[in-house]
Amino acid sequence: MRVVGVTGGVGAGKSTVLRILRDEYGARILPADEIGRELMEPEGACFTPVIEMFGKAVVRADGRLDRGKIAEQVFGDGEALERLNGIIHPAVRREIEDRLLEWKNEEGGETAGGECLAVLESAILFEAGYEEICGEIWYVYASDETRIRRLTESRGYTRERCLKVMESQMGEQELRSRASAVIDNNGSIEQVRGQIGALLKD
């Protein structure tokens with residue numbers, strides 16, 4: 001199995017890369033954020049530990065966790081955020097490793113290239129230590145102005161909010177230095193397709 005990690009800042013266009021990999025190359029996608037949300041559902045591994053940490057006040061009337069209340073409690077509290085991450089990140093990693101093992105043991109899961117392609121996506125891939133799971137890391141790059149434009153158009157963010165979120169993430173130079181390859185996502189989708197095709201041939 002070929003395991004590719006995909007990372008990049010907010011608004012860089014990671015979802016475009018994932019869509020191409022899934023739809024055109026048959027890749028199996030492991031979006032870390034989505035898996036984390038799944039694990040915070042009532043049947044998930046993080047549900048009870050999160051309640052034990054924050055109390056029943058973070059449980060909604062429908063029995064699910066209130067993410068807004070949890071966010072309020074960790075906002076500006078580095079220690080609380082670290083404790084929450086200490087619950088979620090290890091559980092997400094275990095789930096990812098379990099899914100990869102299951103896929104490796106399946107028959108008939110190969111792509112047209114003769115190998116099974118799995119893609120782990122996370123904006124905090126390095127911070128969470130997921131690079132240890134991946135054989136290679138692709139950094140999806142887009143300029144600050146391109147990212148701001150995308151975020152204002154797709155999410156309605158103000159320029160100030162865009163800059164604040166971007167400043168909180170790992171910087172471009174560190175991401176470039178730690179990644180195996182860089183996908184420039186400032187141009188057209190055809191240019192992105194060409195870069196992905198070349199990387200997969202390698």
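How are helices α6 and α7 oriented to each other: parallel, perpendicular or oblique? Helix α6 (residues 144-154) and helix α7 (residues 159-167) pack at an angle of about 125°, their axes lying 10 Å apart, and α6 and α7 are therefore oblique to each other. In this classification, angles under 35 degrees count as roughly parallel, over 145 as roughly antiparallel, 65 to 115 as roughly perpendicular and the rest as oblique. The structure is a predicted model, in which local features need pLDDT of at least 70 and side-chain atom pairs count only at pLDDT 80 or more, while totals for chains, interfaces and linings use all residues. Residues are numbered from 1 along each chain as its sequence is written, and side-chain values use heavy atoms, with hydrogens and water left out.

Helices (H or I, at least four residues) and strands (E, at least two) are DSSP runs, numbered from the N terminus. Axes are lines fitted to C-alpha atoms, for helices over the stretch in contact, and angles run from 0 to 180 degrees between N-to-C directions.

The strands are described next. An open sheet is formed by 5 strands in the order β2-β3-β1-β4-β5, with parallel pairing, where two strands pair if DSSP finds at least two bridges between them. The edge strands, each of which pairs on one side only, are β2 (28-31) and β5 (181-184). Neighbouring strands of this sheet are turned by 25° against each other on average, direction ignored. Parallel pairing over 5 bridges links β1 and β3, with Val3 opposite Ala118 of β3. Strand β1 (residues 2-7) is also paired with strand β4 (residues 136-141), in the parallel sense and over 4 bridges, and the bridge partner of Val6 in β4 is Trp138. Between β4 and β5 there is parallel pairing over 4 bridges, in which Trp138 stands opposite Ala181 of β5.

Strand β3 is mostly covered, as 5 of its 5 residues are buried. Leu117, Val119 and Glu121 point one way from β3, whereas Ala118 and Leu120 point the other way, and all are buried. In β5, Ala181 and Ile183 form a covered face, and Val182 and Asp184 an uncovered one.

Helices also lie across the sheet. Helix α2 (residues 32-39) lies across β2 and β3 (117-121) and runs at about 65° to β2, while helix α9 (residues 189-201) lies across β1, β3, β4 and β5 and runs at about 160° to β5. The axes of α2 and helix α5 (residues 78-105) come within 9 Å and cross at roughly 105°, which makes α2 roughly perpendicular to α5. In this pair, Ala32, Ile35, Gly36, Glu38 and Leu39 of α2 meet Ile88, Ala91, Val92, Glu95, Ile96 and Arg99 of α5, contact meaning heavy atoms within 4.5 Å.

Helix α1 (residues 14-25) packs with α9 at an angle of about 60°, with the axes 11 Å apart. The residues that make the contact include Val17, Ile20 and Leu21 of α1 and Val192, Ile196 and Leu200 of α9. Between α6 and α7, the contacts join Asp144, Glu145, Arg147, Ile148, Leu151 and Thr152 in α6 with Arg159, Cys162, Leu163 and Met166 in α7.

Two loop residues were examined individually. Ser122, in the loop between β3 and β4, counts as buried at 2% relative accessibility. Leaving aside neighbours within four places in sequence, Ser122 is in contact with Val6, Thr7, Gly8, Ala32 and Tyr130. A polar atom of the Ser122 side chain lies 3.1 Å from the backbone nitrogen of Ile124. Arg60, in the loop between α3 (47-54) and α4 (67-74), is partly exposed, with a relative accessible area of 37%. The side chains of Arg60 and Asp62 are joined by a polar contact of 2.5 Å, a polar contact being a pair of N or O atoms within 3.5 Å; within protein, one must be able to donate a hydrogen and the other to accept it, and residues adjacent in sequence count only if both atoms are side-chain atoms. Apart from neighbours within four places in sequence, Arg60 is in contact with Leu65 and Asp66.

Technical notes:
Buried < 20%, exposed > 50% of the residue type's maximum accessible area, 1.4 Å probe, protein only.
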